[in-house]
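Please keep the model open while reading.

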Amino acid sequence: AYSASKHALKAFNDCLRREMSPWNLHVSSIEPGALRTTMLQGLEKNLRETWMTLPLHVQDRWGENYLNDFIKKSIESPF
């Protein structure tokens, strides 16, 4: 739900940008990076626990490097 609502805002902004272009009006959005919220607390632990429940063939197909990169990108923030 959180990601869907953020995508909806971005999609609305893109639509508005296109609709306003005939009048030479510009639409911009500010998209801040990750913020330290309770939503991110324990994220790495949860992702690793979820990874361990996957069948071995799935883990092998994606590889542990994928998991580590995904975790890094998920919790990276400009604090």
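The numbered points below go from the whole chain to single residues.

1. Ground rules. This is a predicted model, in which local features need pLDDT of at least 70 and side-chain atom pairs count only at pLDDT 80 or more, while totals for chains, interfaces and linings use all residues. Residues are numbered from 1 along each chain as its sequence is written, and side-chain values use heavy atoms, with hydrogens and water left out.

2. Fold. The chain has four helices and zero strands. Its pattern along the sequence is α-α-α-α. Helices (H or I, at least four residues) and strands (E, at least two) are DSSP runs, numbered from the N terminus.

3. Overall form. The chain is more spread out than a compact globule, because its radius of gyration is 18 Å, well over the 12 Å that the globule rule gives for 79 residues. That radius is taken over C-alpha atoms, and the rule is 2.2 Å times the number of residues to the power 0.38. Along its principal axes the C-alpha trace spans about 55 × 30 × 20 Å.

4. Surface and burial. Of the 79 residues, 11% count as buried. Buried means under 20% relative accessible area, exposed means over 50%, and partly exposed lies in between (1.4 Å probe, protein chains only). The accessible surface of the chain comes to about 6,900 Å², and 59% of that belongs to carbon and sulfur atoms. Areas come from the Shrake-Rupley method with a 1.4 Å probe; for residues, only the protein chains shown count as cover.

5. Contacts across the sequence. Take the contacts between residues at least 6 apart in sequence: 39% of them join residues at least 24 apart. Contact means heavy atoms within 4.5 Å.

6. N13 lies in helix α1 (residues 2–20). N13 is buried, at 9% relative accessible area. Leaving aside neighbours within four places in sequence, N13 is in contact with V27, S28 and S29.

7. A salt bridge is a side-chain nitrogen of Lys or Arg within 4 Å of a carboxyl oxygen of Asp or Glu. One of them joins D14 and R17, with the closest N and O atoms 2.7 Å apart. D14 and R17 are three residues apart in helix α1, so about one helical turn separates them. D14 is partly exposed at 25% relative accessible area, and R17 is partly exposed at 33%.

8. R48 pairs with E44, the closest N and O atoms being 3.1 Å apart. Both R48 and E44 lie in helix α2, four residues apart, about one turn of the helix. E44 is partly exposed, at 34% relative accessible area. E49 forms a salt bridge with K45, the closest N and O atoms being 3.2 Å apart. These two, E49 and K45, are also four residues apart in helix α2, about one helical turn. E49 is partly exposed at 41%, whereas K45 is exposed at 55%.

9. Helix α2 covers residues 43–53 and holds R48. R48 is partly exposed, at 31% relative accessibility. Which residues does R48 contact, leaving aside its neighbours within four places in sequence? They are E64, L67, N68 and I71. R48 and N68 are 20 residues apart in sequence and 9.0 Å apart in space, C-alpha to C-alpha.

10. The structure holds two aromatic pairs. W62 and Y66 form a tilted pair, 4.8 Å centre to centre with 45 degrees between the planes. Y66 and F70 form a stacked pair, 6.1 Å centre to centre with 25 degrees between the planes. Rings of Phe, Tyr and Trp (its six-membered ring) pair if their centres lie within 6.5 Å; planes under 30 degrees apart are stacked, over 60 edge-to-face and the rest tilted. Helix α4 (residues 64–75) holds Y66, and F70 lies four residues away in helix α4, about one turn.

11. Nonpolar patch. W62, Y66 and F70 also form a nonpolar patch on the surface, with about 330 Å² of accessible area together. Patches are made of residues with over 30% relative accessible area and no salt bridge; like charges are joined within 9 Å, nonpolar side chains (Val, Leu, Ile, Met, Phe, Trp, Tyr) within 5 Å. W62 is partly exposed at 47%, Y66 at 39% and F70 at 38%.
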